[in-house]
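Welcome, and please take a first look at the model shown here. The notes after it go through the fold topic by topic.

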Amino acid sequence: MKIVLQMQLHSDKSRSKALKIAAQEIGVSSVALEGDNKDKLVVTGDVDAVCLGRVLRKKFRCVTLVSVEEVKKKEEKQCINEDNKVCCYYPPYCAPPPCGPSPYCYKVVYDSCDNSCSIM
């Protein structure tokens with residue numbers, strides 16, 4: 001989601017506070033200022049626009065929700081070889097981590113010839 005909020009930001013200090021407050025919300029992937037006077041806050045990510053506006057209104061009294069858009073993901077370009085075949089890139093092979101020592105099984109052997117029993 002791309003959310004555009006218009007605010008009254010007069011100084012650099014208020015702009016940095018607005019960016020900090022918006023960046024602390026859960027689900028925000030990027031925050032930027034746009035517009036001629038740097039008065040529009042553009043937030044992208046999986047965040048609720050109403051909740052974001054409510055949080056910003058606690059610090060900045062005049063916050064207006066300008067637009068909410070769905071961000072389209074870029075299509076991945078396919079690499080084509082000289083032979084007009086599609087290239088496939090695989091991640092490099094990583095060996096599994098080394099295993100620790102295997103557990104040993106101990107067999108306990110009892111000697112039946114032990115005459116240390118006092119009952120017999």
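From the N terminus on, the protein chain runs through its elements in the order β-α-β-β-α-β. That makes 2 helices and 4 strands, where helices (H or I, at least four residues) and strands (E, at least two) are DSSP runs numbered from the N terminus. This is a predicted model, in which local features need pLDDT of at least 70 and side-chain atom pairs count only at pLDDT 80 or more, while totals for chains, interfaces and linings use all residues. Residues are numbered from 1 along each chain as its sequence is written, and side-chain values use heavy atoms, with hydrogens and water left out.

**The sheet**

- The 4 strands form an open sheet in the order β2-β3-β1-β4, with antiparallel pairing; two strands pair if DSSP finds at least two bridges between them.
- At the edges are β2 and β4 (63–69), each of which pairs on one side only.
- From one strand to the next, the twist averages 20 degrees; axes are lines fitted to C-alpha atoms, for helices over the stretch in contact, and angles run from 0 to 180 degrees between N-to-C directions.

**Strand by strand**

- Strand β1 (residues 2–7) runs antiparallel to β3, and 5 bridges join the two.
- Within that pairing, V4 has V42 of β3 as its bridge partner, and Q6 stands opposite K40 in β3.
- Strand β1 is also joined to β4 by 6 bridges, again antiparallel, and here I3 stands opposite V68 in β4.
- Strand β2 (residues 28–34) pairs with β3 in the antiparallel sense over 6 bridges, with S30 opposite T44 in β3.
- How enclosed is strand β3 (residues 40–45)? Strand β3 is largely enclosed by the rest of the structure, because 5 of its 6 residues are buried; buried means under 20% relative accessible area, exposed over 50%, and partly exposed in between (1.4 Å probe, protein chains only).

**The hairpin and its loop**

- Strands β2 and β3 form a hairpin with 5 residues between them, and G35 in the turn has a positive phi of about 100 degrees.
- K38 lies in the loop between β2 and β3. Its phi is near 55 degrees, a positive value in a residue other than glycine.
- K38 counts as partly exposed because its relative accessibility is 42%.
- D39 is found in the loop between β2 and β3 as well. Not counting residues up to four places away in sequence, D39 touches L5, Q6, M7, L9 and E34; contact means heavy atoms within 4.5 Å.

**Charges**

- A salt bridge is a side-chain nitrogen of Lys or Arg within 4 Å of a carboxyl oxygen of Asp or Glu.
- The structure holds 1 salt bridge. R15 forms a salt bridge with D12, and the closest N and O atoms are 3.0 Å apart.
- R15 and D12 are 3 residues apart in helix α1, so about one helical turn separates them.
- R15 counts as buried at 16% relative accessibility, whereas D12 counts as exposed at 61%.

**Cysteines**

- A search of the whole structure finds 0 disulfides; a disulfide is a pair of cysteine sulfur atoms within 2.5 Å.
- C51 counts as partly exposed at 34% relative accessibility, and C62 is partly exposed with a relative accessible area of 38%.

**The chain as a whole**

- Of the 120 residues of the protein chain, 22% count as buried.
- Among contacts between residues at least 6 apart in sequence, 56% join residues at least 24 apart.
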